[in-house]
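Here is a short walk through one structure. Keep the sequence and the 3D view side by side as you read.

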Amino acid sequence: MLFSLLLEATGSVAIMGAAIGAGLAAIGAGLGIGKIGGSAMEGIARQPEAAGRIQTAMLIIAALIEAVALFAAVICLLVATA
């Protein structure tokens with residue numbers, strides 16, 4: 001029933017799948033960055049002298065996760081418009 005209502009609202013399974021895919025990519029990026037932040041804070045608390053290196057690595061990894069999430073969202077939009 002829910003599937004048929006969503007299908008009527010969107011008009012196509014591709015659009016609905018693209019929206020679900022983009023949402024999952026955003027959720028995954030949020031969870032990944034949260035995990036990185038928590039682990040970095042734990043590492044800094046254990047070794048305060050390594051804070052600079054940990055923070056630099058954390059920022060680089062967070063940027064890579066955001067790039068992958070953006071790539072996934074763009075692919076979902078391309079699928080929806082194809």
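How many salt bridges does a search of the whole structure find? The search finds one. Bear in mind that this is a predicted model.

The side chains of Arg 46 and Glu 42 meet in it, at 3.1 Å from N to O. Both residues belong to helix 2, where they sit four residues apart. That spacing means that about one helical turn separates Arg 46 from Glu 42. How open are the two partners? Arg 46 has a relative accessibility of 65%, so it counts as exposed. Glu 42 reaches 44%, so it is partly exposed. The cut-off for exposed is over 50%.

Now step back to the whole chain. It has three helices and zero strands. Along the sequence, the pattern reads α-α-α. The chain holds 82 residues, and buried ones make up 13% of them.

Next, look at how two of the helices lie. Helix 2 covers residues 13–46. Helix 3 covers residues 51–81. Their axes come within 8 Å and cross at roughly 175 degrees. Helix 2 is therefore roughly antiparallel to helix 3, since angles over 145 degrees count that way. Sorted by class, the contact of helix 2 with helix 3 has 21 nonpolar residues, four polar ones and one charged one.

Ile 36 is placed in helix 2. Its relative accessible area is 16%, so Ile 36 is buried. The limit for buried is under 20%. Now find Ile 61. In sequence, Ile 36 and Ile 61 are 25 residues apart. In space, their C-alpha atoms are 8.0 Å apart.

Finish at the surface. Which residues form a nonpolar patch there? They are Leu 70, Phe 71, Val 74, Ile 75, Leu 78 and Val 79. Together they have about 570 Å² of accessible area. Take Leu 78 as one of them. Leu 78 is found in helix 3. Is this residue buried or exposed? Leu 78 has a relative accessible area of 52%, so it is exposed.

Conventions:
Residues are numbered from 1 along each chain as its sequence is written. This is a predicted model: local features need pLDDT of at least 70, side-chain atom pairs count only at pLDDT 80 or more; totals for chains, interfaces and linings use all residues. Side-chain values use heavy atoms; hydrogens and water are left out. Patches are made of residues with over 30% relative accessible area and no salt bridge: like charges are joined within 9 Å, nonpolar side chains (Val, Leu, Ile, Met, Phe, Trp, Tyr) within 5 Å. Accessible areas come from the Shrake-Rupley method with a 1.4 Å probe; for residues, only the protein chains shown count as cover. A salt bridge is a side-chain nitrogen of Lys or Arg within 4 Å of a carboxyl oxygen of Asp or Glu. Buried means under 20% relative accessible area, exposed over 50%, partly exposed in between (1.4 Å probe, protein chains only). Axes are lines fitted to C-alpha atoms, for helices over the stretch in contact, and angles run from 0 to 180 degrees between N-to-C directions. Angles under 35 degrees count as roughly parallel, over 145 as roughly antiparallel, 65 to 115 as roughly perpendicular and the rest as oblique. Ala, Val, Leu, Ile, Met, Phe, Trp, Tyr, Cys and Pro count as nonpolar, Asp, Glu, Lys and Arg as charged, and the others, Gly among them, as polar.
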